[in-house]
Amino acid sequence: MEKRSAFIAIVGRPNVGKSSLLNKMLRQKIAIVSSKPQTTRTRIMGVLTENDVQLVFIDTPGLHKPRNSLDKYMLRSVNESVAGVDACVLVVEADSNITEGEKMFAEKFRSLGLPAILAINKTDTLKTKEKLAPQIAELSKLYDFSAVVPCSAQTGEGIDDLKAELRKLSSEGGYMFDEDTLTDQPERVLAAEMIREKLLRLLDKEIPHGTAVFVEKMRERSGSDIIDMDAVIYCERDSHKGIIIGKGGSMLKKIGSYARQDMERFFGCRINLQIWVKVKEDWRNREGILRSLGYDNSDFD
Ligand SMILES: Nc1nc2c(ncn2[C@@H]2O[C@H](COP(=O)(O)OP(=O)(O)OP(=O)(O)O)[C@@H](O)[C@H]2O)c(=O)[nH]1
Ligand SMILES: [Mg+2]
(Lines give C-alpha, C1' and ligand atoms only; values in the text may rest on other atoms or scores of the structure.)
(Ligands and ions follow the chains in the order given, each with its own letter.)
Protein backbone atom coordinates (compact mmCIF):
# COMPACT_ATOMS: atom_id res chain seq x y z
CA MET A 1 0.00 0.00 0.00
CA GLU A 2 1.20 3.50 -0.83
CA LYS A 3 2.41 5.31 2.27
CA ARG A 4 0.39 8.36 3.28
CA SER A 5 0.88 11.30 5.62
CA ALA A 6 -0.77 14.41 7.01
CA PHE A 7 0.31 17.43 9.04
CA ILE A 8 -2.24 18.15 11.75
CA ALA A 9 -2.37 21.06 14.20
CA ILE A 10 -4.12 20.51 17.52
CA VAL A 11 -5.76 23.78 18.50
CA GLY A 12 -8.22 25.15 21.03
CA ARG A 13 -8.61 27.18 24.18
CA PRO A 14 -6.18 26.73 27.09
CA ASN A 15 -6.66 23.69 29.33
CA VAL A 16 -9.09 21.75 27.12
CA GLY A 17 -6.67 18.80 26.93
CA LYS A 18 -4.78 19.31 23.64
CA SER A 19 -1.46 18.04 24.98
CA SER A 20 -3.16 15.19 26.84
CA LEU A 21 -4.81 14.07 23.59
CA LEU A 22 -1.51 14.23 21.74
CA ASN A 23 0.21 12.08 24.38
CA LYS A 24 -2.65 9.59 24.36
CA MET A 25 -2.62 9.26 20.57
CA LEU A 26 1.17 8.77 20.58
CA ARG A 27 1.07 6.48 23.65
CA GLN A 28 4.12 8.46 24.85
CA LYS A 29 4.29 11.57 26.94
CA ILE A 30 6.11 14.23 24.95
CA ALA A 31 4.04 17.27 25.92
CA ILE A 32 3.65 18.34 29.51
CA VAL A 33 0.18 18.60 31.02
CA SER A 34 -1.18 20.54 33.97
CA SER A 35 -4.46 21.69 35.43
CA LYS A 36 -3.37 25.31 34.89
CA PRO A 37 -4.16 27.07 31.60
CA GLN A 38 -1.26 28.09 29.35
CA THR A 39 0.85 25.05 30.05
CA THR A 40 2.13 24.60 26.48
CA ARG A 41 4.31 27.49 25.30
CA THR A 42 5.78 26.35 22.01
CA ARG A 43 4.84 24.28 19.01
CA ILE A 44 5.56 20.64 19.81
CA MET A 45 5.72 18.12 17.04
CA GLY A 46 4.72 14.51 17.67
CA VAL A 47 4.82 11.83 15.01
CA LEU A 48 2.62 8.72 14.86
CA THR A 49 3.30 6.15 12.15
CA GLU A 50 0.65 3.44 12.11
CA ASN A 51 -1.30 1.47 9.47
CA ASP A 52 0.78 2.89 6.61
CA VAL A 53 -0.12 6.45 7.56
CA GLN A 54 2.13 8.98 9.25
CA LEU A 55 0.27 11.61 11.26
CA VAL A 56 2.51 14.54 12.11
CA PHE A 57 0.89 16.45 14.97
CA ILE A 58 1.65 20.00 16.02
CA ASP A 59 0.52 20.67 19.58
CA THR A 60 -0.04 24.39 20.08
CA PRO A 61 -0.38 26.76 23.03
CA GLY A 62 -3.99 27.37 24.10
CA LEU A 63 -5.21 30.57 22.54
CA HIS A 64 -5.81 33.54 24.85
CA LYS A 65 -5.46 37.31 24.78
CA PRO A 66 -1.76 38.25 24.77
CA ARG A 67 -0.58 40.26 27.77
CA ASN A 68 3.19 40.17 27.28
CA SER A 69 5.84 39.29 24.72
CA LEU A 70 5.77 35.60 25.66
CA ASP A 71 2.01 35.53 25.02
CA LYS A 72 2.52 37.24 21.66
CA TYR A 73 5.10 34.63 20.79
CA MET A 74 2.61 31.89 21.74
CA LEU A 75 -0.16 33.47 19.66
CA ARG A 76 2.11 33.73 16.66
CA SER A 77 3.14 30.15 17.04
CA VAL A 78 -0.54 29.07 16.93
CA ASN A 79 -1.19 31.17 13.83
CA GLU A 80 1.86 29.87 12.04
CA SER A 81 1.05 26.26 12.97
CA VAL A 82 -2.46 26.52 11.58
CA ALA A 83 -1.27 28.13 8.36
CA GLY A 84 1.13 25.32 7.51
CA VAL A 85 -0.93 22.14 7.99
CA ASP A 86 -3.24 19.84 6.02
CA ALA A 87 -5.90 19.69 8.72
CA CYS A 88 -6.71 20.75 12.28
CA VAL A 89 -8.20 19.15 15.34
CA LEU A 90 -10.22 21.72 17.27
CA VAL A 91 -10.44 20.52 20.86
CA VAL A 92 -13.26 21.62 23.17
CA GLU A 93 -14.41 20.37 26.55
CA ALA A 94 -17.60 18.36 26.85
CA ASP A 95 -20.42 20.39 28.39
CA SER A 96 -18.88 23.81 27.78
CA ASN A 97 -20.15 26.89 26.01
CA ILE A 98 -18.90 28.21 22.71
CA THR A 99 -16.55 31.18 23.16
CA GLU A 100 -14.76 33.69 21.00
CA GLY A 101 -11.87 31.22 20.82
CA GLU A 102 -13.85 28.59 18.92
CA LYS A 103 -15.42 31.24 16.69
CA MET A 104 -12.02 32.61 15.81
CA PHE A 105 -10.69 29.17 14.89
CA ALA A 106 -13.76 28.44 12.75
CA GLU A 107 -13.15 31.72 10.94
CA LYS A 108 -9.53 30.79 10.36
CA PHE A 109 -10.43 27.32 9.02
CA ARG A 110 -12.88 28.94 6.65
CA SER A 111 -10.44 31.51 5.33
CA LEU A 112 -7.79 28.84 4.76
CA GLY A 113 -10.26 26.25 3.43
CA LEU A 114 -8.79 23.88 6.01
CA PRO A 115 -10.41 20.54 6.86
CA ALA A 116 -11.01 20.29 10.60
CA ILE A 117 -12.15 17.65 13.02
CA LEU A 118 -13.95 18.59 16.20
CA ALA A 119 -12.79 16.63 19.24
CA ILE A 120 -15.08 16.94 22.24
CA ASN A 121 -12.72 15.91 25.02
CA LYS A 122 -13.24 14.97 28.69
CA THR A 123 -16.39 12.92 28.01
CA ASP A 124 -15.48 11.01 31.18
CA THR A 125 -16.68 14.04 33.17
CA LEU A 126 -20.23 13.72 31.79
CA LYS A 127 -22.72 11.93 34.00
CA THR A 128 -24.92 11.21 31.01
CA LYS A 129 -24.25 11.64 27.32
CA GLU A 130 -27.47 13.62 26.81
CA LYS A 131 -25.60 16.91 26.78
CA LEU A 132 -23.43 15.91 23.84
CA ALA A 133 -26.06 16.15 21.09
CA PRO A 134 -27.01 19.80 21.73
CA GLN A 135 -23.35 20.80 22.08
CA ILE A 136 -22.49 19.08 18.80
CA ALA A 137 -25.44 20.79 17.10
CA GLU A 138 -24.30 24.22 18.32
CA LEU A 139 -20.65 23.71 17.34
CA SER A 140 -21.59 22.32 13.93
CA LYS A 141 -23.14 25.69 13.09
CA LEU A 142 -19.69 27.25 13.37
CA TYR A 143 -18.03 25.16 10.71
CA ASP A 144 -18.57 22.18 8.45
CA PHE A 145 -16.31 19.80 10.41
CA SER A 146 -15.10 16.68 8.58
CA ALA A 147 -16.02 14.66 11.67
CA VAL A 148 -17.08 15.14 15.27
CA VAL A 149 -15.46 12.81 17.78
CA PRO A 150 -16.42 12.71 21.47
CA CYS A 151 -13.38 11.42 23.35
CA SER A 152 -11.46 11.29 26.59
CA ALA A 153 -7.70 11.62 26.85
CA GLN A 154 -8.07 10.24 30.35
CA THR A 155 -9.91 6.98 29.64
CA GLY A 156 -8.91 6.56 25.98
CA GLU A 157 -12.51 6.60 24.80
CA GLY A 158 -12.79 7.75 21.17
CA ILE A 159 -9.03 7.98 20.62
CA ASP A 160 -8.99 5.25 17.96
CA ASP A 161 -11.94 6.92 16.22
CA LEU A 162 -10.09 10.22 16.24
CA LYS A 163 -7.00 8.63 14.69
CA ALA A 164 -9.14 6.84 12.08
CA GLU A 165 -10.84 10.12 11.10
CA LEU A 166 -7.46 11.85 10.85
CA ARG A 167 -6.07 9.10 8.63
CA LYS A 168 -8.90 9.80 6.19
CA LEU A 169 -7.46 13.29 5.74
CA SER A 170 -3.99 12.05 4.80
CA SER A 171 -2.66 12.05 1.28
CA GLU A 172 -0.35 9.84 -0.76
CA GLY A 173 3.27 10.70 -1.28
CA GLY A 174 5.17 8.85 1.42
CA TYR A 175 6.28 9.73 4.93
CA MET A 176 7.75 13.05 6.02
CA PHE A 177 9.99 11.52 8.71
CA ASP A 178 11.58 8.19 9.57
CA GLU A 179 9.08 5.65 10.85
CA ASP A 180 10.56 5.70 14.34
CA THR A 181 10.54 9.49 14.75
CA LEU A 182 8.63 10.53 17.86
CA THR A 183 9.18 14.26 18.28
CA ASP A 184 11.27 17.23 17.19
CA GLN A 185 11.91 18.26 20.79
CA PRO A 186 15.60 17.97 21.68
CA GLU A 187 16.31 15.93 24.82
CA ARG A 188 17.34 19.04 26.75
CA VAL A 189 14.03 20.70 25.97
CA LEU A 190 12.06 17.61 26.98
CA ALA A 191 13.98 17.51 30.26
CA ALA A 192 13.43 21.23 30.92
CA GLU A 193 9.73 20.82 30.21
CA MET A 194 9.50 17.96 32.72
CA ILE A 195 10.83 20.34 35.37
CA ARG A 196 8.43 23.10 34.30
CA GLU A 197 5.54 20.65 34.62
CA LYS A 198 6.41 20.05 38.27
CA LEU A 199 6.52 23.82 38.88
CA LEU A 200 3.02 24.09 37.39
CA ARG A 201 1.79 21.22 39.53
CA LEU A 202 3.39 22.15 42.83
CA LEU A 203 3.21 25.94 42.88
CA ASP A 204 0.21 28.22 43.10
CA LYS A 205 -1.27 30.68 40.72
CA GLU A 206 0.98 33.04 38.83
CA ILE A 207 4.38 31.86 40.04
CA PRO A 208 4.83 29.00 37.56
CA HIS A 209 3.67 31.16 34.67
CA GLY A 210 6.55 33.50 35.43
CA THR A 211 9.13 30.73 35.28
CA ALA A 212 11.26 29.37 32.49
CA VAL A 213 13.49 26.32 32.73
CA PHE A 214 16.73 25.88 30.88
CA VAL A 215 18.92 22.77 30.88
CA GLU A 216 22.50 24.01 30.72
CA LYS A 217 24.27 20.68 30.76
CA MET A 218 23.25 17.13 29.91
CA ARG A 219 26.12 14.69 29.71
CA GLU A 220 26.42 10.93 29.94
CA ARG A 221 29.00 9.89 32.54
CA SER A 222 31.44 7.68 30.70
CA GLY A 223 31.29 3.99 31.54
CA SER A 224 28.00 4.23 33.42
CA ASP A 225 24.33 4.67 32.75
CA ILE A 226 24.11 8.00 34.53
CA ILE A 227 23.36 11.35 32.94
CA ASP A 228 24.60 14.43 34.78
CA MET A 229 22.25 17.32 34.27
CA ASP A 230 22.36 20.97 35.35
CA ALA A 231 19.18 22.99 35.04
CA VAL A 232 18.24 26.56 35.91
CA ILE A 233 14.78 27.78 36.86
CA TYR A 234 14.38 31.46 36.03
CA CYS A 235 11.73 33.38 37.91
CA GLU A 236 10.69 37.02 37.99
CA ARG A 237 11.15 38.03 41.65
CA ASP A 238 13.23 37.32 44.73
CA SER A 239 10.05 36.45 46.62
CA HIS A 240 9.22 33.83 43.97
CA LYS A 241 12.70 32.42 44.22
CA GLY A 242 12.15 31.92 47.94
CA ILE A 243 8.90 30.09 47.33
CA ILE A 244 10.38 27.87 44.62
CA ILE A 245 13.26 26.88 46.90
CA GLY A 246 10.99 26.47 49.92
CA LYS A 247 11.84 26.07 53.61
CA GLY A 248 15.28 24.56 53.88
CA GLY A 249 15.16 23.75 50.15
CA SER A 250 12.17 21.44 50.61
CA MET A 251 10.17 22.61 47.57
CA LEU A 252 13.11 22.52 45.19
CA LYS A 253 13.92 19.04 46.43
CA LYS A 254 10.38 17.89 45.67
CA ILE A 255 10.43 19.49 42.21
CA GLY A 256 13.76 17.86 41.44
CA SER A 257 12.77 14.45 42.69
CA TYR A 258 9.49 14.28 40.72
CA ALA A 259 11.18 15.61 37.58
CA ARG A 260 14.00 13.10 37.96
CA GLN A 261 11.53 10.20 38.19
CA ASP A 262 9.91 11.31 34.91
CA MET A 263 13.27 11.74 33.22
CA GLU A 264 14.54 8.34 34.34
CA ARG A 265 11.40 6.71 32.93
CA PHE A 266 11.68 8.59 29.64
CA PHE A 267 15.42 8.34 29.05
CA GLY A 268 15.75 4.86 30.55
CA CYS A 269 18.80 5.62 32.69
CA ARG A 270 19.73 7.24 36.00
CA ILE A 271 19.80 11.01 36.21
CA ASN A 272 21.91 13.11 38.53
CA LEU A 273 19.97 16.37 38.51
CA GLN A 274 21.15 19.68 39.95
CA ILE A 275 18.78 22.63 39.81
CA TRP A 276 19.52 26.31 40.46
CA VAL A 277 16.98 29.08 40.84
CA LYS A 278 17.78 32.52 39.42
CA VAL A 279 15.89 35.79 39.13
CA LYS A 280 15.53 37.51 35.76
CA GLU A 281 13.15 40.39 36.22
CA ASP A 282 10.38 40.79 33.68
CA TRP A 283 11.89 38.14 31.39
CA ARG A 284 8.54 37.51 29.73
CA ASN A 285 8.80 40.99 28.17
CA ARG A 286 12.45 40.91 27.21
CA GLU A 287 12.94 39.68 23.68
CA GLY A 288 16.63 38.88 24.10
CA ILE A 289 15.97 36.69 27.12
CA LEU A 290 12.98 35.04 25.46
CA ARG A 291 15.21 34.10 22.57
CA SER A 292 17.96 32.74 24.78
CA LEU A 293 15.38 30.57 26.55
CA GLY A 294 14.18 29.07 23.27
CA TYR A 295 11.07 31.20 22.77
CA ASP A 296 12.28 32.48 19.47
CA ASN A 297 10.07 34.33 17.01
CA SER A 298 12.71 34.52 14.34
CA ASP A 299 11.62 31.13 12.86
CA PHE A 300 8.45 32.86 11.81
CA ASP A 301 9.97 35.81 9.99
N1 LIG B 1 -11.24 14.43 33.27
C2 LIG B 1 -10.42 14.65 32.23
N3 LIG B 1 -9.41 15.53 32.36
C4 LIG B 1 -8.59 15.73 31.28
C5 LIG B 1 -8.79 15.04 30.05
N6 LIG B 1 -7.85 15.48 29.18
C7 LIG B 1 -7.10 16.38 29.86
N8 LIG B 1 -7.53 16.53 31.12
C9 LIG B 1 -6.99 17.42 32.16
O10 LIG B 1 -7.15 18.76 31.72
C11 LIG B 1 -6.05 19.58 32.17
C12 LIG B 1 -5.42 20.28 30.99
O13 LIG B 1 -4.79 19.34 30.14
P14 LIG B 1 -3.69 19.77 29.07
O15 LIG B 1 -3.47 18.59 28.19
O16 LIG B 1 -2.52 20.38 29.75
O17 LIG B 1 -4.51 20.88 28.28
P18 LIG B 1 -4.02 21.82 27.07
O19 LIG B 1 -5.20 22.06 26.21
O20 LIG B 1 -2.83 21.24 26.42
O21 LIG B 1 -3.64 23.15 27.86
P22 LIG B 1 -2.67 24.37 27.38
O23 LIG B 1 -1.37 23.78 26.97
O24 LIG B 1 -2.57 25.20 28.62
O25 LIG B 1 -3.40 25.08 26.29
C26 LIG B 1 -5.10 18.62 32.89
O27 LIG B 1 -5.36 18.72 34.27
C28 LIG B 1 -5.49 17.26 32.34
O29 LIG B 1 -5.21 16.22 33.25
C30 LIG B 1 -9.88 14.11 29.96
O31 LIG B 1 -10.15 13.47 28.95
N32 LIG B 1 -10.65 13.96 31.09
MG1 LIG C 1 -0.94 21.97 26.19
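This is a predicted model: local features need pLDDT of at least 70, side-chain atom pairs count only at pLDDT 80 or more; totals for chains, interfaces and linings use all residues.
I began with the largest cavity, whose lining divides into 2 nonpolar, 3 polar and 3 charged residues. For these classes I count Ala, Val, Leu, Ile, Met, Phe, Trp, Tyr, Cys and Pro as nonpolar, Asp, Glu, Lys and Arg as charged, and the others, Gly among them, as polar.

Residues are numbered from 1 along each chain as its sequence is written, chains are lettered from A and ligands numbered from 1 in the order in which they are written, and side-chain values use heavy atoms, with hydrogens and water left out.

**Cavities.** I searched the whole structure and got 2 cavities of 30 Å³ or more. On a 1 Å grid over the protein atoms alone, a cavity is a set of points where a 1.4 Å probe fits but cannot get out; a pocket is an open set with protein on both sides within 12 Å along at least five of seven lines; lining residues have an atom within 4 Å of a point. Points are joined across faces, edges and corners, and a volume is the space filled by probe spheres set on the points.

The largest cavity holds about 60 Å³. Around it I listed Gln38, Arg41, Asn68, Leu70, Asp71, Met74, His209 and Arg284. The second largest cavity holds about 40 Å³, and its lining is Pro61, Gly62, Leu63, His64, Asp71, Met74, Leu75 and Val78. By class that lining has 5 nonpolar, 2 polar and 1 charged residues.

**Largest pocket.** I read off a volume of about 540 Å³. Its lining has 23 residues, with Thr42, Gln185, Val189, Leu293 and Gly294 nearest the centre. The classes come to 12 nonpolar, 3 polar and 8 charged. Which element gives the most to this lining? Helix H6 does, with 5 residues. Strand E2 (44–50), helix H6 (187–202) and strand E8 (212–220) each supply at least two. (Helices, H or I with at least four residues, and strands, E with at least two, are DSSP runs numbered from the N terminus.)

Where does this pocket lie? Domain 1 (4–172) and domain 2 (187–300) both give it lining residues, so it lies between them. The domain bounds come from an automatic or database domain assignment.

**Second largest pocket.** This one has about 430 Å³. Of its 25 lining residues, Gly17, Ser20, Val33, Ser34 and Lys122 are closest to the centre. Helix H1 (residues 18–26) gives the most, with 4 residues. I sorted the lining into 5 nonpolar, 15 polar and 5 charged.

**Helix H3.** I checked the length of H3 (residues 100–112): at 1.5 Å a residue its 13 residues should span 18 Å, and its end C-alpha atoms are 18 Å apart, which agrees. The expected span is 1.5 Å times one less than the number of residues. Buried here are Gly101, Glu102, Phe105, Ala106 and Phe109. Buried means under 20% relative accessible area, exposed over 50%, partly exposed in between (1.4 Å probe, protein chains only).

**Gln274.** I found this residue in strand E10 (residues 270–279). Gln274 is partly exposed, at 37% relative accessible area.
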